[in-house]
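Colleague: I have a structure open and want to learn how to read its side-chain features. Can you take me through it?

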Amino acid sequence: MLHVYTRHLPGCEHACDPHWRRCHCPKWIRGLLLNGEKIRRSAQTHSWENAEKLARKLEADVDPERVKIEARREVTLREAVETFLGDQKARGLGLETQKKYRGFLERQFLVWAAARKMKFLAALCPAELTRFRAGWSNGETTTHRKHEMLASFFRFCQRNELMGKNPMDALKKPKTPDIVPTDYFLPEEFEKIVAATRKYEFGGGIDCRFRGLRLRAMALLMRWAGLSILDATKLERAALSTNEEGDDEIFLYRAKTGVPVYVVIPPDVAELLRSLPNSNPRYFFWSGNGDPRSARKALQRSFWKLFQLANIRRTDGSSKRCHPHMFRDTFAVELLLAGNPIDQVSLLLGHSSVKITERHYAPFCKARQQQLTAAVKRSWARRETRAAPARHAQPGPSRPPLLIQ
């Protein structure tokens, strides 16, 4: 810390007191800065107040926090966005996730900031972000998703010291959208879809002769292995193997513990997959050319045509909205309704947390709990039957049996 003192001139009546402020003798500064530098220099002034200001300025120039604050003022919004997106790529996040963040931050957030002539990250405040969010004309689900993406961006900026206080902390979260129960195929509906693949006709394309067969194989694969349509599209033939017990199994992924995760599939499904014709012997469905997402989109269009051909209807006669991801949902729901623990179902689905599984399949977790509750109640009847003779043999007022000892 720096201190100001007076070097009195000859003849000054306060020469014995270096802390005397009111005389017109030269003022000096001495002390130790935060970087370890020793200071002993003239303040070039006869004013104690001006010397104090100079001392504080010398301290601030070497203050690490002040240096950080000055550096933050120079970070532009575009630089911060590119740094954030580059970190997502380095972390190996999915291309779909990166695409969503890039589209939102570059095409909406930066465009809005440029229209308001905001160049630097430090210029953003809670009021400005509130105005930005007020301009969104989206539904509850999209608004909630955009808010989370914006909050993730500003948390990254704060943790990497690109900015000081996080302005998103002052914004309340939008209303959480209601969870829409996951829909799935009943056994008879799934059989109708499989039957429709035998009547499916495709008018063009390299695999036009085998498109119905390929759709049937993919539907069975997603239903019994729980794969998404993209994972099924780029599934390699090497992922299908036979274990020591003679069961056919699909390698799903390698868990965080380093243990491989497999799922057993029915023999007829495995046989169909092995006999499936494909131009590339490495894959079941993908040709290996271009982006697998393009192949996925083509298969999605074929599935939409297949669902129209199957004509799945609800009990009230209305048409049931179907999409390929419902095969994966069917795989998860049937496991839960069969009484399998949700943590095992989450592991087979490849979810990063059991909470994700609970959020998407909460209604079916409740149905499983109702099954367990009914099983417990059935045990009560056996207990009351055994306790009935004892109650008749004892005199006195009747009391209900205690269920919890």
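Modeller: Start with a rule for rings. Rings of Phe, Tyr and Trp pair if their centres lie within 6.5 Å. Planes under 30 degrees apart count as stacked, over 60 as edge-to-face, and the rest as tilted. Keep in mind that this is a predicted model.

Colleague: How many aromatic pairs does that rule give?

Modeller: The count comes to 21 aromatic pairs. Take F109 and F153. Their ring centres are 5.9 Å apart and their planes meet at 65°, so this pair is edge-to-face. F109 belongs to helix α4 (residues 95–115) and F153 to helix α6 (residues 140–159). The pair links distant parts of the chain, 44 residues apart.

Colleague: Are F109 and F153 buried or exposed?

Modeller: Buried means under 20% relative accessible area. F109 has 0%, so F109 is buried. F153 also comes to 0%, so F153 is buried.

Colleague: What does a tilted pair look like here?

Modeller: In general, a pair of aromatic rings is described by the distance of the centres and the angle of the planes. For W112 and F132, that is 4.8 Å centre to centre and 40° between the planes, a tilted pair. W112 sits in helix α4 and F132 in helix α5 (residues 126–134), 20 residues apart. W112 and F132 are both buried.

Colleague: Which residues form the aromatic cluster?

Modeller: One cluster takes in F84, Y101, F104, F109, W112, F132, W136, F153, F154 and F156.

Colleague: Where does a charged end sit over a ring?

Modeller: R22 places its charged end over the ring of W20, 5.7 Å from the centre.

Colleague: Now charge against charge. How many salt bridges are there?

Modeller: The general idea is that side chains of opposite charge can pair when their charged atoms come close. A search of the whole structure finds 15 salt bridges. R91 and D87 form one, at 3.6 Å from N to O. R91 has 53% relative accessibility and counts as exposed. D87, at 26%, counts as partly exposed.

Colleague: Which parts does the salt bridge of K175 and E140 tie together?

Modeller: Those two side chains, K175 and E140, meet at 3.4 Å, N to O. K175 lies in the loop between α6 and α7 (187–197) and E140 in helix α6, so the bridge ties together parts 35 residues apart in sequence. K175 is exposed, with a relative accessible area of 54%. E140 is partly exposed at 39%.

Colleague: And the salt bridge of E189 and K320: are its partners buried or exposed?

Modeller: The side chains of E189 and K320 meet at 2.7 Å, N to O. E189 is in helix α7 and K320 in the loop between α11 (292–310) and α12, so this bridge ties together parts 131 residues apart in sequence. Both E189 and K320 are buried. Elsewhere, salt bridges with shared partners join E96, D291, R293 and R296 into one network.

Colleague: Which buried charge has no salt bridge?

Modeller: Look at D329, in helix α12 (residues 325–337). D329 is buried and has no salt bridge; R328, the nearest side chain of opposite charge, is 5.7 Å away. The salt-bridge cut-off is 4 Å. Setting aside residues up to four places away in sequence, D329 touches T182, D183, Y184, H323 and Y361.

Colleague: How many helices and strands does the protein chain have?

Modeller: There are 14 helices and six strands. Of the 405 residues of the protein chain, 37% count as buried.

Notes. Residues are numbered from 1 along each chain as its sequence is written. This is a predicted model: local features need pLDDT of at least 70, side-chain atom pairs count only at pLDDT 80 or more; totals for chains, interfaces and linings use all residues. Side-chain values use heavy atoms; hydrogens and water are left out. Rings of Phe, Tyr and Trp (its six-membered ring) pair if their centres lie within 6.5 Å; planes under 30 degrees apart count as stacked, over 60 as edge-to-face and the rest as tilted. Helices (H or I, at least four residues) and strands (E, at least two) are DSSP runs, numbered from the N terminus. Buried means under 20% relative accessible area, exposed over 50%, partly exposed in between (1.4 Å probe, protein chains only). A charge sits over a ring if NZ of Lys or CZ of Arg is within 6 Å of the ring centre and within 35 degrees of the ring normal. Lys and Arg count as positive and Asp and Glu as negative; His and the chain ends are not counted. Contact means heavy atoms within 4.5 Å.
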